[in-house]
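Please study the sequence and the model together before reading further. The paragraphs below lead through the fold step by step.

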Amino acid sequence: MSQQVRITVTVNGARHTGDVPARQLLVFYLREDLGLTGTKVGCDTSSCGACTVLLGGESVKSCTLFAVQADGEHVTTIEGLAGGAGAAGQAPPGGLHPVQEAFREHHALQCGYCTPGMVMALVSLLREEPAATPEQIRRGLEGNLCRCTGYTPIVRAAASLTRPHGPAGPGCPGGPGDAGRAGGPA
Ligand code: FES
Ligand code: FES
């Protein structure tokens, strides 16, 4: 039987304490233990970015970390962005986060499977590079794969939020306790 380890993780502003198998991946802790199924599993081999969340200010692929590595940390998942709830804190009450709103406006999703990971990666990227160029956005999304859109509308959505074009200045995405970076389209 796998060794159990007690961890405390703050996810989307809510503190969770519980015992987890020492080798349980963070993505399965989020999806199965906490029921936060917005975070997707696309490959399980660290290739697709569908599992991207924010951990302690950095975007990470949650299939590459054990849940125990999140002990004492703040995690933000896609569920924490909308409605002004959770750790991201950039959405108006009842509204979408600016990155989600830009995806809606620019038709940046089709099947939607990659979308939570894309959004989380961009939340981090735009916080770190609020004036990112389309090329920087493409490079920043190199670890996130999309089989549907061809990436152009995703880049367009992100570019609509950069400083020269939109209201999103430094700190637009992210927020207290949010965490930052995983990997995007070629
Ligand atoms: Fe984590 Fe694909 S499921 S990178
Ligand atoms: Fe289908 Fe990206 S919208 S994989």
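Which residues does G117 touch, not counting residues up to four places away in sequence? The model is a predicted one, and in it G117 touches K40, G49, A50, C51, T52 and N144. The place of G117 is in helix α3. Is G117 buried or exposed? A residue is called buried if 20 or more other C-beta atoms lie within 10 Å of its own. G117 has 31 C-beta neighbours inside 10 Å and therefore counts as buried. Another relation concerns C146: G117 and C146 are separated by 29 residues in sequence, while their C-alpha atoms are 10.0 Å apart in space.

From this one residue the view may now be widened to the whole chain. The protein is built with 5 helices and 5 strands. The protein has 186 residues, of which 52% count as buried.

The strands are considered next. An open sheet of 5 strands is present, with the order β2-β1-β5-β3-β4 and mixed pairing. Why is one side of β2 and of β4 left without a neighbour in the sheet? Strands β2 (14–21) and β4 (58–61) stand at the edges, and each has a single partner strand, so one side of each has no neighbour there. From one strand to the next, the twist averages 40 degrees.

The pairing at one end of this order can be examined in detail. Strand β1, formed by residues 4–11, runs antiparallel to β2, and 8 bridges join the two. One example is I7, whose bridge partner in β2 is G18. The loop between β1 and β2 contains N12. The phi angle of N12 is near 55 degrees, which is a positive value in a residue other than glycine. As a general rule, most residues other than glycine have a negative phi. N12 counts as buried because it has 24 C-beta neighbours inside 10 Å.

S46 is placed in the loop between α1 (26–33) and β3. Its phi is near 70 degrees, again a positive value in a residue other than glycine. Is S46 buried or partly exposed? With 13 other C-beta atoms within 10 Å, S46 is partly exposed.

The text now returns to the helix that holds G117. Helix α3 comprises residues 115–128 and lies across β3 (52–55) and β4. Relative to β3, helix α3 runs at about 35 degrees.

Helix α3 also meets another helix, α2. Two packed helices are described by the angle between their axes and the distance between the axes. For α2 (residues 98–105) and α3, the axes come within 9 Å and cross at roughly 125 degrees. Angles of 65 to 115 degrees count as roughly perpendicular and those over 145 as roughly antiparallel; α2 and α3 are therefore oblique to each other. The crossing in which α2 passes α3 is right-handed.

Which residues of α2 and α3 meet? On the side of α2 they are V99, Q100 and F103, and on the side of α3 they are T115, V119, L122, V123 and L126. Sorted by class, this contact has 6 nonpolar and 2 polar residues, with no charged residues.

How values were computed: Residues are numbered from 1 along each chain as its sequence is written. Chains are lettered from A and ligands numbered from 1 in the order in which they are written. This is a predicted model: local features need pLDDT of at least 70, side-chain atom pairs count only at pLDDT 80 or more; totals for chains, interfaces and linings use all residues. Two strands pair if DSSP finds at least two bridges between them. Helices (H or I, at least four residues) and strands (E, at least two) are DSSP runs, numbered from the N terminus. Axes are lines fitted to C-alpha atoms, for helices over the stretch in contact, and angles run from 0 to 180 degrees between N-to-C directions. Two residues are in contact if their C-beta atoms, placed from the backbone, lie within 7 Å. Angles under 35 degrees count as roughly parallel, over 145 as roughly antiparallel, 65 to 115 as roughly perpendicular and the rest as oblique. A crossing is left-handed if the near helix is turned anticlockwise from the far one by less than a right angle, and right-handed if clockwise. Ala, Val, Leu, Ile, Met, Phe, Trp, Tyr, Cys and Pro count as nonpolar, Asp, Glu, Lys and Arg as charged, and the others, Gly among them, as polar. A residue is buried if 20 or more other C-beta atoms lie within 10 Å of its own, exposed if 12 or fewer, and partly exposed in between; C-beta atoms are placed from the backbone.
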